[in-house]
Amino acid sequence: MSLLKYESQLREPLVNGDKNYHQVTEDIIGPCETKPNRLWWIGLSISLALLLFGVYSVYREVTYGIGQWNVNKTVGWGWAITNFVWWIGIGHAGTLISAILLLFGQKWRTGVNRAAEAMTIFAVMCAAMFPVFHVGRVWDAFFLFPYPNSRGPVWPNFNSALLWDVFAVSTYFTVSVLFWYTGLLPDLATLRDRAKKKFGKMFYGLASFGWTGSTKHWQRQESLALVLAGLATPLVLSVHTIVSFDFATSVIPGWHTTIFPPYFVAGAVFSGFAMVQSLLIITRKVLHLEDYITLGHIEAMNKVIVLTGSIVGCAYLSELFVAWYSMNTYEWWAFRQNRVNIFSPYGWAYYGMIFCNVVSPQLFWSRKLRRNVLFTFFMAVLVNVGMWFERFVIFVTSIYRDYLPSSWTTYYSPTIWEIGFFLGTFGLFFTLYFVFAKFFPVIAVAEIKAILKTSGENYKDKMSDIEEMSTEKFYEEEMEHAH
Amino acid sequence: MIKKFVVGSFEDEKVLFSAVKNVRRAGYKIHDVYTPFPIHGLDKAMGLRETSIHTMGFIYGITGTTIALGGMGWIFTTDWPLNIGGKPHFPLPAFIPITFELTVLLSAVGMVYTFCWLCKMMPGVKKHHFNLRSTDDLMTMVIECTENSNEAEMENFLKDNGAIEINTQMAEEGWWFGRYDKDQKLYRTEEIEVAD
């Protein structure tokens, strides 16, 4: 084994500036140790206000029933399910970054994985709210879990895609939390050992589980991370596949298609990366982490966005083609009349979706735009709006006109409490993110240190000698270190 | 148990690697090396064996598979056979999603539990810290002293091998319940006179 840490200078450095191990700790842990600034308090207050509005909206729904929402025949699944799928889609980027990119050996993940995983967990929490409260009698929601009970026992229907969803989302949440927290332990130990105040020592002491950094523990931790990544990779694909089964296993025109699983997964990654971009662009600016979340990181994520956006575009076209090619009157009607027709009641949503998800991300083929932070932020917001439209188009345009014209819904629009619930999840999401960004390191410190000497800018500069060395000499010198 | 340790801290992993090699060659017993980040190959250099945590993951995983398939099969065929739209009572394809999820769930939860158990980690656990900077920027090598060892000689040996901070510490091995905001007191075993 060679001890040489070498990476071609053609590769962009992942850590900019003149850094050493201690400087990395200072830069990333530092913001956790100072008092939060005024911007943080303003942000947290707005989030908490939204959260309170959401809590009140949910209170109305729980007290007076689903009638507080405009969902009715035939739109039984309105904003609630749209928001559920939108949030759960956003929750896919974290595990994709941490698990799939770990298996692929993509080192740039180290700069963004911690924040992305945290975002995943918070997004899944927001997502889970919607089906839980949409069941109506939320106090009976535990009936969803199969356990021996005194009601028969009555078991849930294991053939139902909705029950698969319960298992998929709860498993995904648990595994994401475990993956995130086992990676966080060493960094919490760093915080604990640097803490000056009594409370910090106690809090981070409890949170770090007594981590010491022993070699054996690192060996186990790395092995654990690798296996968890191997498990989380099919898991992340399975979650949105199963979410798409909620629709694909039904016989509603526009839903009953086999393209749904890959189409939903691509869309989830697409929207998840957009959310990661918008959060990280703000985080790196506020916490001065531009050296760790570099333009290279932003560009890499923009490449994923343009790739998945194009996959989603292909999916739109193929489902449209198949609707026509199937010669199924109802299927074709759902597409031709309820979606593509711009003058139909929801035509605006369809074209909004096409514009935000397929047309505008194509601008990312330009390297200059991929590396433009402001433009990326704008695009990230646009993509998330587009992905919300996509879910809205799929759910509402397929069901607002039933087989029976007499039961067609005139127009479904949400009540203030439906909107309030959605805003409330934004409040929850950002409250949790603000707390996370204040008290926890937003970048995986230990992982950055592990790649510092190969991918740090100042270390790469010193590698010019190796770059110009002859192969024979290189071999001779390096074999000295080998066992 | 309280033991005496010679502690040397290193700045550079390249220096650490050769030091580990030399210390082992000289016949000293390395108690542990504490590092702020995973250093690949250090476990091999120290002569640690491979971890088998992934094998445990597999065992937990197939347990999950068995529980899911067995549980759903028993419920739908034996405990309460329900006719759902005329579908078969054991529809294997429809059971795959939940089986997969439970496999992953049990494997992940079990492995993390095993990891914590093996590393003796949980909230409230406290361990001795040989160097606070070993979670920041130093790699700390800890050598265990025996009755015959000469600490001064060991300290010099570490110095020659590139350690920058060297000292000798009395420390309690293992773990105990404690809080990190409280000062650590060494637990001493003293001879107690027992009346005949």
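Modeller: Let me begin with a term: a residue is buried if 20 or more other C-beta atoms lie within 10 Å of its own, exposed if 12 or fewer do, and partly exposed in between, with the C-beta atoms placed from the backbone. By that count, 33% of the 196 residues in chain B are buried. Keep in mind that the model is predicted: local features need a pLDDT of at least 70 and side-chain atom pairs count only at pLDDT 80 or more, while totals for chains, interfaces and linings use all residues. Residues are numbered from 1 along each chain as its sequence is written, and chains are lettered from A and ligands numbered from 1 in the order in which they are written.

Chain B has five helices and six strands, where helices (H or I, at least four residues) and strands (E, at least two) are DSSP runs numbered from the N terminus. Along the sequence they come in the order β-α-β-α-α-α-β-β-α-β-β. The radius of gyration of chain B, taken over C-alpha atoms, is 26 Å, well over the 16 Å that the globule rule (2.2 Å times the number of residues to the power 0.38) gives for 196 residues, so chain B is more spread out than a compact globule. Its C-alpha atoms fill a box of roughly 85 × 55 × 30 Å along the principal axes.

Now for the meeting of the chains. Two residues are in contact if their C-beta atoms, placed from the backbone, lie within 7 Å. In this sense, 59 residues of chain B touch 55 residues of chain A. On the chain B side, at least two residues each come from α1 (13-25), β2 (29-34), α2 (42-45), α3 (53-79), α4 (92-118) and β3 (125-127). The biggest share is that of α4(B), which gives 16 residues. Sorted by class, this side of chain B has 38 nonpolar, ten polar and eleven charged residues; Ala, Val, Leu, Ile, Met, Phe, Trp, Tyr, Cys and Pro count as nonpolar, Asp, Glu, Lys and Arg as charged, and the others, Gly among them, as polar. Within chain B itself, 81% of the contacts with a separation of 6 or more join residues 24 or more positions apart.

What does the partner look like? Chain A has 19 helices and zero strands. Its radius of gyration is 25 Å, close to the 23 Å of the globule rule for 483 residues, so chain A is as compact as a globular protein of that length. The C-alpha trace of chain A spans about 80 × 50 × 45 Å along its principal axes. Of the 483 residues in chain A, 49% are buried, and residues 24 or more positions apart account for 83% of its contacts with a separation of 6 or more.

A:T415 sits in the loop between α14 (373-399) and α15 of chain A. It is partly exposed, with 18 other C-beta atoms within 10 Å. Neighbours within four places in sequence aside, A:T415 is in contact with A:Q68, A:W69 and A:N70. The C-alpha atoms of A:T415 and A:G67 are 9.9 Å apart, although 348 residues separate them along the chain.
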